[in-house]
Amino acid sequence: MAEIAGGAPEPVVYGQSDRPPRGDYSRGGQVRADYTCPQNYAAYTAADHDIYHRLYQRQSALVPGLACDEFIAALPLLGAKERIPRFEEINDRLYKATRWEIVAVPGLIPEVPFFTLLANRKFPVTDWLRTPAEFDYIVEPDVFHDLFGHVPLLFNPVFADHMQAYGAGGLKAHALGACEQLSRLYWYTVEFGLIRQANGLRAYGAGILSSSGELAYAVQSPEPQRIALNLLRTMRTRYKIDSYQQTYFVIDSFQQLFDMTAPDFTPLYAQLKTLPELAANALLPEDAVIQR
Ligand code: PHE
Ligand code: CO
């Protein structure tokens, strides 16, 4: 893949944020036109590896009874836990399992390159790690969120196919001016989704699975609303990025998620343009509320 002549891609900030973009999008010309870059493994310090180890230890101790079975089964496939893994080590296993690969990126990337990577079964993983001050909470995705939260389910064939379809659907949504709507679906499924399994409600969303506080909150707290996933409903619902979710959407299986999202969304996007947006804590009479 060619590098951009004369410099690196532009940094990215989502939403109306005053925060400066966190990643280094120049890296001395190492960032390619598709926003991928080499994993800067030499840049990790002993302190970084130690933070990763402690994050991994804390989070892996929390997942029993709260994370879905597929996640728990695949978590050991991330390999090293006492240090940040090399992405190539994970790729040896991941490519064999589902023909997915992870690729390093310097931080958040724009919609089209993001969707393009997913459509090609490449999952972008931020390569830098949070600071010690961000041990409990970080707004932006870092290497721990991306690896621990997202990568285990890429070992599941149905979920893996769903992520590729999402990427292709994202490119279509971009052409139709519907990225905001589709990103809500991503938020409430891939990032904050819950699933009903034989042993009860479990988390499969990466934002929940990589959070020490929100994992038990999402699955067990009486506070938030839990509603059966409904495409139109979910894509009307705004979301908050800096607090626990007020509403979680629940699926029954990854096959259900795949089948529900397989149809052409073009008519849905047209319908969404006629419907008002909903607040993150809205509850409609027709919502199928899930009791835990
Ligand atoms: N089927 C959707 C479309 O036609 C794309 C999509 C797939 C969206 C998977 C989400 C998840 O736009
Ligand atoms: Co994420």
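Trainee: Is the crossing of α6 and α11 left-handed or right-handed?
Mentor: This is a predicted model, where local features need pLDDT of at least 70, side-chain atom pairs count only at pLDDT 80 or more, and totals for chains, interfaces and linings use all residues; side-chain values use heavy atoms, leaving out hydrogens and water. Residues are numbered from 1 along each chain as its sequence is written, while chains are lettered from A and ligands numbered from 1 in the order written. A near helix turned from the far one by less than a right angle gives a left-handed crossing if anticlockwise and a right-handed one if clockwise. For α6 and α11, the crossing is left-handed.

Trainee: Which residues of α11 make the contact with α6?
Mentor: Contact means heavy atoms within 4.5 Å. From α6 come Val158, Phe159, Asp161 and His162. Their partners in α11 are Phe254, Gln255, Leu257, Phe258 and Thr261.

Trainee: How many charged residues are in the contact of α6 with α11?
Mentor: Five of its residues are nonpolar and three are polar. That leaves the charged class, which has one residue.

Trainee: At what angle do α6 and α11 pack?
Mentor: Helix α11 spans residues 254-261, and its axis lies 9 Å from that of α6. The two are therefore roughly parallel to each other (angles under 35 degrees). The packing angle is about 25°.

Trainee: And α7: at what angle does it cross α6?
Mentor: Helix α6 covers residues 157-175 and helix α7 covers residues 179-191, with axes that come within 9 Å. They cross at roughly 160°. That makes α6 roughly antiparallel to α7 (over 145 degrees), and the angle to remember is roughly 160°.

Trainee: Which residue's side chain has an N or O atom 2.5 Å from an oxygen atom of ligand 1?
Mentor: The residues around ligand 1 (heavy atoms within 4 Å) include His162, Tyr166, Gly169 and Lys172 from the list, along with Leu182 and Thr261. Backbone N or O atoms also approach: that of alanine 262 is 3.3 Å from a ligand nitrogen, and that of phenylalanine 265 is 3.0 Å from a ligand oxygen. The side chain at 2.5 Å is that of lysine 172.

Trainee: Is the crossing of α1 and α5 left-handed or right-handed?
Mentor: Helix α1 (residues 46-62) and helix α5 (residues 143-150) pack at about 35°, with axes 11 Å apart. Their crossing is right-handed.

Note on methods:
Axes fitted to C-alpha atoms, helices over the stretch in contact; angles between N-to-C directions. Helix = DSSP H or I, 4+ residues; strand = E, 2+ residues; numbered from the N terminus. Parallel < 35°, antiparallel > 145°, perpendicular 65-115°, else oblique. Polar contact = N/O pair within 3.5 Å; in protein donor to acceptor, adjacent residues only side chain to side chain. Nonpolar A, V, L, I, M, F, W, Y, C, P; charged D, E, K, R; others polar.
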